[in-house]
Amino acid sequence: MKLNPQQAPLYGDSVITVQLTEEDKVEDDVVFYLVFTGSTVQHCTSTRKINPGSLETISPGHDCCETVKVALCASREGHPVLIVAEESFQFVQDEAYDAAQFLATCAGNQQALNFTRFLDRSRPPAADVDFLDEKVALAFRHLKLPAEWNVLGADQSLTEDIPRETLMHFAVRLGLLRLTWFLLQQPGGRGALSIHNNEGATPVSLALERGYQKLHQLLTEEEAKEPDSWSTLSHTVHSGDYSVKHHRGLDVYMLTAEA
């Protein structure tokens, strides 16, 4: 088999195509799945058949940057599971993951948050913003944030009437719908909506001022629903050392277990 691409970001959720060789191809009623074996974590993903020679699946989210072994397994009712082929695959830390880590650590850090405003002046194209939004939000969702982590930072003595920049201002200013929705679900997310920055703007007023209608609706609804743009991405359920992820776009499942 041949995997394309042969690497994925740590947060996963990217499409992997599996090209089967003539030796890999078996009967039509066989179900294929991939097993990713890392140093401390193992993932099993289902696949969907594109054509007789190609499969598709979604890369799992991994716990560290490393090269793992991937086994293509074939399952058929009444027969033992066969390992059809093996290949190497690499999990890497990309720019989106770096950005998510930076943002997570600078929550409440005014110097760092003011520094991020240079992105606003460069105004990247809409397609780049959409790509940035999806990847950074996925990476943020994958981070293991401390239990005490808060959108407003660690200083709990600051009240809502003290003007300051917040992570929510950053996400709204760039029109990052997915990241904004993620932050809303975190501690301090709702509280950030009423905080004014030094220019007197709240995240809500910024969304209105910039004409981000979907974003403004997201911030002002009492029970904000998950944005449509998330509907094709993975939903994860955790249970002890295991987690099951369903990617709704491709309808494939991933089981992750700590070794």
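This note goes through the nonpolar core and the charged side chains of a predicted model.

1. The core. The largest nonpolar core has 63 residues, and those with the most contacts inside it are Phe-89, Phe-140, Leu-167, Leu-179 and Leu-183. Because domain 1 (2-93 + 232-258) and domain 2 (95-220) both contribute residues to this core, it lies between them.

2. If its neighbours within four places in sequence are set aside, Leu-167 is in contact with Leu-103, Cys-106, Ala-107, Leu-113, Phe-140, Trp-149, Val-151 and Leu-183. Two of these partners, Phe-140 and Leu-183, are themselves named among the residues with the most contacts inside the core.

3. A buried charge without a partner. Lys-135 belongs to helix H4, which covers residues 126-142, and this lysine is buried yet takes part in no salt bridge. The nearest side chain of opposite charge is that of Glu-134, 4.2 Å away, and a salt bridge requires the nitrogen to be within 4 Å of a carboxyl oxygen. Apart from neighbours within four places in sequence, Lys-135 is in contact with Tyr-11 and Ala-96.

4. A search of the whole structure finds six salt bridges, and one of them joins Lys-245 to Asp-13, with the closest N and O atoms 3.7 Å apart. Lys-245 lies in strand S11 (residues 242-247), while Asp-13 lies in the loop between strand S2 (7-9) and strand S3 (15-19), so the pair ties together parts that are 232 residues apart in sequence. Lys-245 counts as buried because its relative accessibility is 13%, and Asp-13 counts as buried because its value is 5%, the limit for this class being under 20%.

5. A partly exposed pair between strands. The side chains of Lys-69 and Glu-86 meet in a salt bridge at 3.9 Å, N to O. Lys-69 sits in strand S8 (residues 66-75) and Glu-86 in strand S9 (residues 82-92), so that this pair, 17 residues apart, links distant parts of the chain. Lys-69 is partly exposed, with a relative accessible area of 43%, and Glu-86 is likewise partly exposed, at 45%.

6. Glu-165 forms a salt bridge with Arg-173, and their closest N and O atoms are 2.7 Å apart. Glu-165 is buried, with a relative accessible area of 4%, and Arg-173 also counts as buried, at 4% relative accessibility.

Key
Residues are numbered from 1 along each chain as its sequence is written. This is a predicted model: local features need pLDDT of at least 70, side-chain atom pairs count only at pLDDT 80 or more; totals for chains, interfaces and linings use all residues. Side-chain values use heavy atoms; hydrogens and water are left out. A nonpolar core is a set of buried Ala, Val, Leu, Ile, Met, Phe, Trp, Tyr and Cys residues joined through side-chain atoms within 4.5 Å. Buried means under 20% relative accessible area, exposed over 50%, partly exposed in between (1.4 Å probe, protein chains only). Domain bounds come from an automatic or database domain assignment. Contact means heavy atoms within 4.5 Å. Helices (H or I, at least four residues) and strands (E, at least two) are DSSP runs, numbered from the N terminus. Lys and Arg count as positive and Asp and Glu as negative; His and the chain ends are not counted.
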